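Hi everyone, thanks for coming. Let me put the structure up, and then we'll walk through a few spots together.

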Amino acid sequence: MEKLKKYVSVKDEDHFYHQGAVELLIFNFLLILTILTIWLFKNHRFRFLHETGGAMLYGLVMGLIIRYVTKSPDVESGTVYECEKLKSGPSTLLINITNQVYEYQYKREISHHNVNGHQGNTILQKMTFDPSIFFNILLPPIIFHAGYSLKKRHFFRNLGSILTYAFLGTAISCIVIGLIMYGFVKAMVHIGQLKQWEFHFTDCLFFGSLMSATDPVTVLAIFHELNVDTDLYTLLFGESVLNDAVAIVLTHSISIYSPKENPNAFDAAAFFQSVGNFLGIFAGSFAMGSSYAVVTALLTKFTKLCEFPMLETGLFFLLSWSAFLSAEAAGLTGIVAVLFCGVTQAHYTYNNLSADSKMRTKQLFEFMNFLAENVIFCYMGLALFTFQNHIFNPLFIFGALVAVFVARASNIYPLSFLLNLGRKQKIPRTFQHMMMFSGLRGAIAFALAIRDTDSQPKQMMFTTALLVVFFTVWVCGGGTTPMLTWLQIRVGVDPDEDLKARAASQSAPNLDKNTTKAESAWLFRIWYGFDHKYLKPLLTHAGPPLTSTLPEWCNPVARILTSPRAYGDQLKDGDTVYIINNDELTENYESSAHIAVPAQDSTASTQATGKEDIQEGDLGLGGCKLQLQHTAGQPQNSLA
């Protein structure tokens, strides 16, 4: 008998591993189909269905096949046994069956109408991912790539508008969705579809926060392909990047909001505690991500890892991922940490990398972003049939669709009106309509919803969020090209040429320089001055030497921390004129005379200013022309 039990156990274990291989094979084939579809769409310039929509469609078909073709081998599946002695659901349950003790672990609460024969289907269970896989493996490369590939020149000239949409706009969207959904919940209670105690106002706000995470990946891909107006692309991309981080922290803060008495009543103490928690988590995550990037920059600057590009790339990757894991381990938000880690890595560390590592890191994270994004969208299609605890409520779903579009309108139009009061280059109505239309929901909303499906309200939220993602990606994403045509938004714009044209028009001879300085944003002047004088020389090989910017008594330390290449980048005080018009941050060097470089360091300086794209990491403030003045007998170089 013991041998028979052992044989059955080994057989079940082999069956488990075989099913794991089947699961991976299914995703492998889905990705192959998606890649071939992308090639077909690009080859025929088909823009009415984006690759993400295609991935979702393939996942939908595969989920349908898996659910209704595969069967549960367990004849006891779907049978509910009563345990009258248990007053609550234990996390671990030990059951004695014919003197053999089995251990069972708690997974989730199941609605009565979801108990069916599919409940014991192991292939369906394996195709339902653990939410930790999304947050720890699939989302970090997507978010890091967004920060690492950020076009800083265009991002920072619209930074004020982007921050307004991302922070204030997300809060407005969360509140509007929460209020509208609370009205629909009250209607559902009134007609008997819900019990009064099942859905509270805080649950509606929680749903509003997760549905406020926009993910216009479909629209942005079409924008990139068509070279849509740079400002529109930057506003939409910048908002979506920061909006994801804000929505994640906001969702966590609302989830811990717990009024002491009535869950539907406003509790000032709990509210301010949640606000403090939001600010603390966001600031802590920002500091965590930036710290890891600073450590990476120092290691790549003061070691000779550039001589071993493979080791350099490996260290860069592992430290960037450590930013995410450290933030999660410390109770912060890893997504925010890895986003700002990516931005800081691009600003500082990228300048220290060897040419091979620059190419490898860009291609590595671009590939990981592509793969992870398509896996998530494939899984969204699968989840509609493989997730076994869906709760479809037509009234709640309709309310969510209405709330999402009303909240988007309440976000974009009022904030654009307020921003235009202070912008010289206004945000046109056509841009506002396009941004309103482009408020798609995607990977972040889905991941936040699937992270907690323990209770019936959360299961209803997950089902609704999934259907909203389907609708926005297929309908709004597919209508992007016709909408661009109808709104007559210009396409075929070269971002670099557009930026040069703006800079040329703003640096015209009749421009009053004193007026320009007075109109400059003091925050950016302070930040750029501090960054250019202290941070860039400390963390990279660029910038003026610290010996010229720090007090004289710091010279011994400054000489150690300054790279020999930095002596070719010293500017005279007052040589930089900051021009910030129309939310644009540029710089104009009038007469940049540099100090002589020691003879032994001239080669290093030439290399640093010749091939290396220093301005790409310099807050995007490129476009200037530096002229180096050397001592007699030394060759003269220029950096355009």
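Let's start with T214, which counts as buried because its relative accessibility is 3%; buried means under 20% relative accessible area, exposed over 50%, and partly exposed in between, with a 1.4 Å probe and protein chains only. Before I go on: this is a predicted model, where local features need pLDDT of at least 70, side-chain atom pairs count only at pLDDT 80 or more, and totals for chains, interfaces and linings use all residues. Residues are numbered from 1 along each chain as its sequence is written, and side-chain values use heavy atoms, with hydrogens and water left out.

So where does T214 sit? In the loop between α7 (201–211) and α8 (217–226); helices here are DSSP runs of H or I, at least four residues, numbered from the N terminus. Leaving aside residues up to four places away in sequence, T214 touches S240, N243, D244, R408, G439, L440 and R441, contact being heavy atoms within 4.5 Å.

R408 also turns up in α14, among the residues there that meet α15. On the α15 side we have R429, Q432, H433, M435 and M436. By class, that contact has 6 nonpolar, 4 polar and 2 charged residues; Ala, Val, Leu, Ile, Met, Phe, Trp, Tyr, Cys and Pro count as nonpolar, Asp, Glu, Lys and Arg as charged, and the others, Gly among them, as polar.

Last, the cysteines. C174 counts as buried, at 4% relative accessibility, while C306 is partly exposed, at 33%. How many disulfides are there? The count is 0, taking a disulfide as a pair of cysteine sulfur atoms within 2.5 Å.

Definitions and conventions:
Helices (H or I, at least four residues) and strands (E, at least two) are DSSP runs, numbered from the N terminus.
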